[in-house]
Amino acid sequence: MSLLSIPFERHRLDNGLKVVLSPDRSVPIVATNLWYGVGSRNEPAGKTGFAHLFEHMMFQGSAHVPKNKHFELIERVGGTLNATTWFDRTNYFETVPSNDLELALWLESDRMGWMLPAMDQEKLDNQRDVVKNEKRQRYDNQPYGDWDERLQALVYPEDHPYRHTVIGSMEDIDAATLDDVRSFFETFYVPNNAVLTIAGDIDPAHALAQVERYFGEIHPGDPIPALPGNPDIEPLIGSTVRDHVVADVPLPRVIMAFRIPPYSSPDFAVAEVSRSLLGTGRASRFYKRLVRERRIAKGVVTYVFPLLSGASMMLVWATGFPGSDPAELEAAMSEELEALSEAEQSEVDRAIALTETDLVRTLERVSERADLLSMFDLYFDDPGRLNSELDRLRAVSVDQIRAFAGDRLGPDNRAVVVYEPESAR
Amino acid sequence: MSDLDRGRRPTSGPIRDFDFPDVDRRALPNGLDLRVVHMNRLPVVSVNLFIRAGESALSDHNAGLAVLTADALEGGTKKRSGGELSESLERIGARVSATGAWEGTSVGLSCLADRLPEALGILAETVLEPDFPDDEVARARDQQLAAARQRSMDPASLATDTALTRYFASDVPYARPIDGTAESIAAMSRDDLRGYAEANYRPEGGGLIVVGDVETSEVEDMVGQYLGAWTGSPATVPDFSARPETKDRRLCIVHREGSVQSEIRVGHIGVPRATPDYYALSVANMVLGGMFTSRLNLNLREENGFTYGVRSRFTYRSEAGPFQVSTAVGNDVTAAAVREIMAELQGMAEGGPTDEEVAAARDYAAGIFGLQLETAGQVATRVSQLVVYGLGDDYFDAYRTNIRGVTTESVATAAARHIRPDEVQIVLTGDADVVGPELEELGLAPLEVMSPEK
């Protein structure tokens, strides 16, 4: 087996559901993975957080599956399951012993086809409370918990679909109604807006017959409506925009973000590799210089958001030490960003080598294979992109990275959120 | 028309048996326990070098030394600076990370199979010839001190750290955070780290676990080359027995003004890994709070909407670790959540589980076991547990049989013995002015209000 030749086949049911099957019989487990083409970017003003609240409602039962049965039945066979909501999509996934593939298909198809009959006000109120607690626990009650809200507001203009966070606002979550649940379901949770991937211990022909049996009779919906707001966006922010926060946080932290080309752009790979030079591994520039040599950062984080609409986002952050000056930290980060315009080939080779190991490790899991296949099919209509991922990254040249540093990481394209501890004042 | 009856759960197909992979075991002359598992699905290898140099062997004034020494290990060797060390590994796509824990220090390596000989050589150099230069020690120490500060301001960590001091007597290592305290960490010098590694990074009692696309004979050759001259036993050994601070139920809140939520911990001292009740107690905990469909989660999350999630857990160590229920809830339902947690503990301790609950938890445990044997890393983690806790070679082969052998009676007995609502320590972080009065009204114990140290 060559390093990256994950086998798969594609099908499409008459109702528009895309199906990807990826057999690997080495371990008797199977992953089912459904990506729906809906996320927080589809939420209009006043409905922020709804895509995520809706994800919770998907576990509240469907016409033939009582509340909590979904969890109970999957756990009963020793399976795992969950779902996540993101800007551009919502995914639902189970991993089960392979003799229970049909169970997972039954549960997923019942909520894709017959969710609404099981919805009621009590379930909505209950999950609204759960989600509000999730927001308190993961955001409101956390030091730095509002960083993404602040950053997105700096990077994206008022009417852009990425302006608001996935968790949304308490006010909007409070305002959600059963009618919203119904119309959201009918608009977005339709087979023609979804990819189902099954990876693991399967016979593809048998699995396809089962998918047809469980999902084939679900009616397609209308074409998906255009995004609310305006996804068109200037490639650069235009200046350095900032938000200085004095808050009850333990350590100073500087978070910087840059508009970068969307995930669909060939230039996105340049951002990915540039990001690795800055932050992947201990030989990376940020770790080496800020953490190890200068010792002005306790830790560094770098990340690229793979977003589809208009512009994506790359971010770098550094956390300082007690009493350290955030301005000094920011200046040091800027130096490293500028220095990337003198990147060397050896750094690119190192970044690619680490990425290769990490990707192969990721693909050890059938659940991860399924998730990536679903993503590539939903986003690019091309699950085979999984097997060419490394080639795409390897094609990035050091000259492109040097140019990227100047074009995208300069002061004309920066959003900066600085957290300064209250106690330091 | 389809003959599909959607009202019926599909029947399961025949189970495909899957055994725990074969483990080749070799006792090396230097006392290191070598275990190799051949897995060739993808060309990767996971390595764990386990050294019996752990936090539980350290006294309070050295608390955090094993963790800090492991952190500073990336700082370089007698032959290479820290920067060169990282460069040599990452150039070949390899990652090495060292972690100090209660039982010992684990140095992990992840790489592609064809890079193993070179990467394992660098791992050996890292552990056997560390240099601990001053600036790297200072870096690791400053990072740990900053992390301690972060923990002290994070409501969840603050609740957990405080709870540990109430579960265990103050001279039990488990009463302190594993990373040590600000006082103990601040005092650690380069000499301390050097001395610690010199005396304790020794092979006797430890293990080398190698899992992936590699043959045992190849591993033996590499080990002979890189670790053959390594000898000796760790100098510092654990000398304590885990005891509770008190058997009286107590209630305290760490006051955090303006909290929009309360972090709740309810627990007491648990049991050691070697308990004969291990399987029955594992099932009891799954029913109580170890699964999504556990009693606690169905009550607090799905019925009441109090929380995003709640779980209970026995942490099994060589000595008795903690048993703990943990959750975070809104201010207005804090007292109600504590009341419900107490009711569920009482219900499990006194009434035990139902046959149906036991069957569900047993099936879950037996099934999920197979799901976690997929990657080299997962298998390496499992095999490491055999070494760390001295479990029998057939432990994982027999695991599913043993879990399936658990009965409702044995679970009820284990629950009654090891879950003791009268002895729990209830610890919260939250706004005492807002949630305190209702907590007191529960009548569980007098309310102590503590202020967080900054």
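Predicted model: local features only at pLDDT ≥ 70, side-chain atom pairs only at ≥ 80, totals over all residues.
Axes are lines fitted to C-alpha atoms, for helices over the stretch in contact, and the angle between two of them runs from 0 to 180 degrees between N-to-C directions. The axes of H1(A) and H4(A) come within 10 Å and cross at roughly 120 degrees.

**Two helices in chain A**

- Helix H1 of chain A spans residues 50-57, and helix H4 of chain A spans residues 121-140.
- The crossing of H1(A) and H4(A) is right-handed.
- H1(A) makes the contact through A:His52, A:Leu53, A:His56 and A:Met57.
- On the H4(A) side, the residues in contact include A:Leu124, A:Gln127, A:Val130 and A:Val131.
- By class, this contact has five nonpolar, three polar and two charged residues.

**Where the chains touch**

- In chain A, 60 residues are in contact with 66 residues of chain B.
- Helix H2 (69-76), strand S5 (90-97) and helix H3 (101-113) of chain A are among the elements that each supply at least two residues to this side of chain A.
- H4(A) gives the most to this side, with eight residues.
- By class, the side of chain A that touches chain B has 22 nonpolar, 16 polar and 22 charged residues.

**A covered helix in chain B**

- Helix H1 of chain B (residues 65-72) is mostly covered, and eight of its eight residues are buried.
- Among these buried residues are B:Leu65, B:Val67, B:Thr69 and B:Asp71.
- The cover over H1(B) includes strands S4 (95-100) and S5 (105-112) of chain B.
- Helices H4 (134-153), H6 (182-186) and H7 (190-200) of chain B also belong to that cover.

**The sheet in chain B**

- Six strands of chain B form an open sheet with mixed pairing, in the order S9-S10-S8-S11-S7-S12.
- Strands S9 (307-316) and S12 (447-450) of chain B are the edges, and each pairs on one side only.
- From one strand to the next, the twist averages 20 degrees.
- Helix H9 of chain B (residues 278-290) packs on the sheet, touching S9 and S10 of chain B.
- The direction of H9(B) makes about 165 degrees with that of S9(B).
- Strands S8 (residues 261-269) and S11 (residues 425-430) of chain B run antiparallel, joined by five bridges.
- B:Glu263 has B:Thr429 in S11(B) as its bridge partner.
- Helix H16 of chain B (residues 432-441) lies across S7, S8, S11 and S12 of chain B, and runs at about 165 degrees to S12(B).

Notes:
Residues numbered from 1 in each chain as written. Chains lettered and ligands numbered in written order. Buried ≥ 20, exposed ≤ 12 C-beta atoms within 10 Å, placed from the backbone. Helix = DSSP H or I, 4+ residues; strand = E, 2+ residues; numbered from the N terminus. Contact = placed C-beta atoms within 7 Å. Pairing = 2+ DSSP bridges. Left-handed = near helix turned anticlockwise from the far one by under 90°. Nonpolar A, V, L, I, M, F, W, Y, C, P; charged D, E, K, R; others polar.
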